[in-house]
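Subject: Structure handover

Hello,

Here is the structure for your records. My notes on what was found in it follow below.

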Amino acid sequence: MTSFKEIKIAAILPQSQVLLVGDLSATHTTLALVEERNLKLLATFHYNSQEITNFTVDLKNLLNHIQKSYHLGITSACFAAAGPVNKNKGYCQLTNTSWDVNLKIIKEETTLKTILLLNDFEAIAYGINVLPKKDIIIIKKAKSNEKKTAMLIGAGTGLGKAVLVWNQNHQSYTPLESEGGHADVVIYSKRELELVEYIKKRYCITNVTWEYVLSGQGIQNIYLFLQGLLPATATAEVIKASHYDPKIISKYRTKD
């Protein structure tokens, strides 16, 4: 059983209807209890995704824990997974992990009866519709294009993308899931071509996609590439000792 860190946020009121929701990605997997009526966050459970080998088994153990600790029999859930979801919305092989999400097996082996499975950036795109304006930061001013087709992009372990199309009838954006992070990277210079050739050799691949350069692993790839071209720095040994952890590389970004 994979260990998890539990954070209790709010008390669960009697007779409240509670849902299980989850953000499943290659680095962190977070599951949470949410009150259905007002979407109040009640508790969260945090996993290291690379320690998970069988999501269904860990999910079953978590549901048993919730039953014993919170006296709740959870039957409904929604999971946002970092990978392509199949046509019938019942299966997802996460892009950068060894495990998958199979709703048929989950329903057979757990108490869950109603489950919605979404691509992670499709789920985030739905959230754009309810995000308060005070939580939006403009990083580059431009002419406003409200209600026009928009793009959502986010760099994590890999690179997530989604397209948002304005729905006139619903007066909100409709997300279109996308695996745009797996499109081939565009090369503009000789140095970038050298980087791409380095990544091909490192991973024994023929096509280098955006997530190999614009993501956590991209930070690592670029650093290792430049390390072979530039003089060693004072922090090079610290970064090497971290196994070229993108977080440590980022920490010394102004010094190395």
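**Charged pairs**

Asp245 is partly exposed, at a relative accessible area of 21%; here buried means under 20% relative accessible area, exposed over 50%, and partly exposed in between, with a 1.4 Å probe and protein chains only. The model is predicted: local features need pLDDT of at least 70, side-chain atom pairs count only at pLDDT 80 or more, and totals for chains, interfaces and linings use all residues. Residues are numbered from 1 along each chain as its sequence is written, and side-chain values use heavy atoms, with hydrogens and water left out.

Asp245 forms a salt bridge with Lys247, and the closest N and O atoms are 3.4 Å apart. A salt bridge is taken as a side-chain nitrogen of Lys or Arg within 4 Å of a carboxyl oxygen of Asp or Glu. Lys247 is exposed, with a relative accessible area of 62%. The search of the whole structure finds six salt bridges. Another one of them joins Glu122 to Lys89, again with the closest N and O atoms 3.4 Å apart. Glu122 sits in helix 3 and Lys89 in the loop between strand 5 and strand 6, so this pair ties together parts that are 33 residues apart in sequence. Helices (H or I, at least four residues) and strands (E, at least two) are DSSP runs, numbered from the N terminus. Glu122 counts as buried at 7% relative accessibility, while Lys89 is partly exposed at 29%. Lys134 and Asp135 form a salt bridge too, with 3.4 Å between the closest N and O atoms. Lys134 counts as exposed at 70% relative accessibility, and Asp135 is partly exposed, with a relative accessible area of 43%.

**Sheet and helices**

Six strands form an open sheet in the order 1-4-3-2-5-8, with mixed pairing. Two strands pair if DSSP finds at least two bridges between them. Strand 1 (5–8) and strand 8 are the edge strands, each pairing on one side only. From one strand to the next, the twist averages 15°. Strand 1 pairs with strand 4 in the antiparallel sense over four bridges, and Lys5 has His46 as its bridge partner in strand 4.

Helix 1 lies across strand 1, strand 2, strand 3, strand 4 and strand 5, and runs at about 145° to strand 4. Helix 3 (residues 120–128) lies across strand 2, strand 5 and strand 8, at about 95° to strand 8. For these angles, axes are lines fitted to C-alpha atoms, for helices over the stretch in contact, and angles run from 0 to 180 degrees between N-to-C directions. Contact means heavy atoms within 4.5 Å.

**Nonpolar cores**

The largest nonpolar core has 31 residues, and Leu20, Leu33 and Phe79 are those with the most contacts inside it. Such a core is a set of buried Ala, Val, Leu, Ile, Met, Phe, Trp, Tyr and Cys residues joined through side-chain atoms within 4.5 Å. The elements that give two or more residues to this core include strand 2 (18–24), strand 3 (28–35), helix 1 and helix 2 (103–109). Helix 1 supplies the largest share, six residues.

**Aromatic pairs**

The structure holds eight aromatic pairs. The rings of Phe55 and Trp99 have centres 5.4 Å apart and planes at 15°, so this pair is stacked. Rings of Phe, Tyr and Trp (its six-membered ring) pair if their centres lie within 6.5 Å; planes under 30 degrees apart count as stacked, over 60 as edge-to-face and the rest as tilted. Phe55 is in helix 1 (residues 55–70) and Trp99 in the loop between strand 6 (91–93) and strand 7 (100–102), 44 residues apart. Phe55 counts as buried at 3% relative accessibility, and Trp99 is buried at 2%.

Tyr223 and Tyr244 form a tilted pair, 6.0 Å centre to centre with 45° between the planes. Phe4, Phe45 and Tyr47 form one aromatic cluster.

Regards
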